[in-house]
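The exercises below concern a predicted model. Please work through each task with the structure in view before reading its solution.

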Amino acid sequence: MDRYLVFGHPVRHSKSPFIHTLFARQTQQELEYGLAEPAVDEFAHALRTFFDQGGKGCNVTVPFKEQAFTLVDRLSPRAKLAGAVNTIKLTDDGVLLGDNTDGAGLVADLKSHGVTLADSRILLLGAGGAARGALAPLLAELPSELVIANRTHTKAQQLAAEFHDLGPVTAQTYEQLAGPFDLVINSTSASLQGELPPLAPALIHTDIAIYDMMYGASDTAFISWAKQHGARQTMDGLGMLVEQAAEAFTVWRGIRPGTKQVLRELKRNLGVI
Ligand code: ATR
């Protein structure tokens, strides 16, 4: 049977096996999907061994995405732009192709929630790997403006300069931000520590869309905060997780699985509904 897995550390709680097993059942593809948690300095060896032993493809998650970028034979254009690889496919001619489906997953999830990106003013919080992966796919949707704000302002400036050719992207400090924004995307890891990015509450209004790339069984700290200040449309990163997986599955199998039912099953599995 064709073998796939996700590399990460820690990865035990990954939902990818659950998601891909449902995709495979739905599309009647014969495959198995597992987990691998190599020591941080053992990833390159573990990756090589997996493909030497007949593996067909893998996902790569924290903290290996940047390393995976350096280990594949060829990069897709979107992986090059993201500077990171979350999906690897062994092609029929034996080439390890590195791709990145995270940004496409974010955009697909935003669209599935009815969020309009064209001509919108988008505020992206954070300037780490997750922000970098989102930039090109967001700019491809032709927003009127995309502002990056980050605790370490120089990192936001660097990112904005790097992506400047792809669209109207600028960097501002949290203090400089002036609304109204149509959409705020939180790509920071602040929620992981139960912290909040230092965003002025006045930027939140009833018609704003709020997206947190993080997710959990209950609202993230950022989503709770935004709701408190009047946001009516809030979304967490669970949909992005399913959509990036669907995109990876399509890369591997050439068939696109439906995501709605799988997202519902995942929510049930996590105890969200
Ligand atoms: P990822 O790959 O998930 O993006 P990362 O590259 O470590 O992870 O980036 C984490 C991002 O969250 C950074 O933009 C970080 O800000 P700094 O560049 O200033 O470190 C941001 N971040 C983390 N904790 C934060 C907090 N408490 N408040 C605001 N921003 C935070």
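**Exercise 1: the sheet and its helices**

Strand E7 (residues 121–125) and strand E10 (residues 183–186) are paired in the parallel sense, and four bridges join them.

Solution. Begin with the pair itself, in which Ile122 stands opposite Leu183 of E10. Next, extend the view to the open sheet of six strands, whose order is E9-E8-E7-E10-E11-E12 and whose pairing is parallel. Because strand E9 (169–171) and strand E12 (233–236) each have a single partner strand, they stand at the edges, and one side of each is left without a neighbour in the sheet. From one strand to the next, the twist averages 20°.

**Exercise 2: a helix pair**

Classify the packing of helix H9 (residues 238–253) with helix H10 (residues 260–270).

Solution. First take the geometry: H9 and H10 pack at an angle of about 130°, and their axes are 10 Å apart. H9 is therefore oblique to H10. The crossing of H9 and H10 is right-handed. Then list the residues that meet, namely Leu238, Gly239, Leu241 and Val242 from H9 with Val262, Leu263, Leu266, Lys267 and Leu270 from H10. Sorted by class, this contact of H9 with H10 comprises seven nonpolar, one polar and one charged residues.

Definitions and conventions. Residues are numbered from 1 along each chain as its sequence is written. This is a predicted model: local features need pLDDT of at least 70, side-chain atom pairs count only at pLDDT 80 or more; totals for chains, interfaces and linings use all residues. Side-chain values use heavy atoms; hydrogens and water are left out. Two strands pair if DSSP finds at least two bridges between them. Helices (H or I, at least four residues) and strands (E, at least two) are DSSP runs, numbered from the N terminus. Axes are lines fitted to C-alpha atoms, for helices over the stretch in contact, and angles run from 0 to 180 degrees between N-to-C directions. Angles under 35 degrees count as roughly parallel, over 145 as roughly antiparallel, 65 to 115 as roughly perpendicular and the rest as oblique. A crossing is left-handed if the near helix is turned anticlockwise from the far one by less than a right angle, and right-handed if clockwise. Contact means heavy atoms within 4.5 Å. Ala, Val, Leu, Ile, Met, Phe, Trp, Tyr, Cys and Pro count as nonpolar, Asp, Glu, Lys and Arg as charged, and the others, Gly among them, as polar.
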